[in-house]
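Colleague: I've got a model open and I'd like to learn how to read it. Can we go through it feature by feature?

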Amino acid sequence: MHNDIQEILISEEEIQNKIRELGAELSKRYEGRNPLVICVLKGAFIFMADLVKTITVPLELDFMAVSSYGDSTKSSGVVKIIKDLDQSVEGRDVLIVEDIIDSGLTLSHLIELLKNRNASSVTVVTLFDKPARRTVNLEADFTGFTLPDAFVVGYGLDYSERYRNLPFIGILKPEIYTN
Ligand code: 5GP
Ligand code: MG
Ligand code: MG
């Protein structure tokens, strides 16, 4: 599997160090509170698991799966809920955990949705950000790494459902796409 990778952009150690920093900041942000932490499936599942172990306030977890309407290359940003939350967000401090923000369309609709359900606060933490590709005005409250405009895999992120289990973030060899 590692043979398919052309270049490692961010190592496992760098990712884990960054997550500890984010966890410390979030623990401060939510001191004395009890946030509802929402994992946006599937890409954020590994980040979610590693991140919550570094947060020291009591918290609850929930999971949501969404897909955006539109063709495969362009997100329309209209969110279709594939799996909804089990818990109500009403009156809760919600922390959305995202893998990567690209156009930002999916996330902006998700934030609207949770606000409309009367969450008392909606905060976003993303491990990766590709600001060059943004089409809506949106910034995460907490960001791990800013990436160049390249398609990356690993640490939860897939190409055709593969490579999610790589512990680092990398770029695939071009021949993988053409096979
Ligand atoms: P957007 O911000 O454009 O609405 O969508 C973001 C989603 O697109 C991410 O949650 C992720 O699933 C997918 N995505 C964006 N950039 C990449 C990338 O570089 N690699 C992979 N594997 N998925 C990406
Ligand atoms: Mg995502
Ligand atoms: Mg994907």
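Colleague: Let's start with helix 1: which residues are buried there?

Modeller: Keep in mind that this is a predicted model. In helix 1, the buried ones are Ile15, Leu22 and Leu26. They sit on the same side of helix 1, because the arc they cover around the axis is only 35 degrees.

Colleague: What's the general idea behind that?

Modeller: An α-helix has 3.6 residues a turn, so residues three or four places apart point the same way.

Colleague: And which exposed residues does the face turned away from the buried side of helix 1 carry?

Modeller: That face has Glu13, Gln16, Asn17, Glu21 and Lys28, which are exposed.

Colleague: What span should helix 1 have, and how far apart are its end C-alpha atoms?

Modeller: Count 1.5 Å a residue: the 18 residues of helix 1 (residues 12–29) should span 26 Å, and the end C-alpha atoms are 26 Å apart, so the two agree.

Colleague: Now strand 2. Which strand do bridges join it to?

Modeller: Strand 5; there are four bridges and the two strands run parallel. Leu36, for instance, stands opposite Val94 in strand 5. Strand 2 (residues 36–41) is also mostly covered, with five of its six residues buried.

Colleague: How many residues surround ligand 1, and which are the closest?

Modeller: There are 18 around ligand 1, and Asp102, Ser103, Leu105, Thr106 and Leu157 are the closest. Strand 5 (93–101) and helix 3 (105–116) are the elements that give two or more residues to that shell.

Colleague: What ipTM and pTM does the predictor give the complex?

Modeller: An ipTM of 0.95 and a pTM of 0.94. The protein's average pLDDT is 93, and 93% of the residues score at least 70.

Note on methods:
Residues are numbered from 1 along each chain as its sequence is written. Chains are lettered from A and ligands numbered from 1 in the order in which they are written. This is a predicted model: local features need pLDDT of at least 70, side-chain atom pairs count only at pLDDT 80 or more; totals for chains, interfaces and linings use all residues. A residue is near a molecule or strand if its C-beta atom, placed from the backbone, lies within 6 Å of it. A residue is buried if 20 or more other C-beta atoms lie within 10 Å of its own, exposed if 12 or fewer, and partly exposed in between; C-beta atoms are placed from the backbone. Two strands pair if DSSP finds at least two bridges between them. pLDDT is the predictor's confidence in each residue, from 0 to 100. The expected span of a helix is 1.5 Å times one less than its number of residues. The arc is that of the directions from the helix axis to the C-beta atoms.
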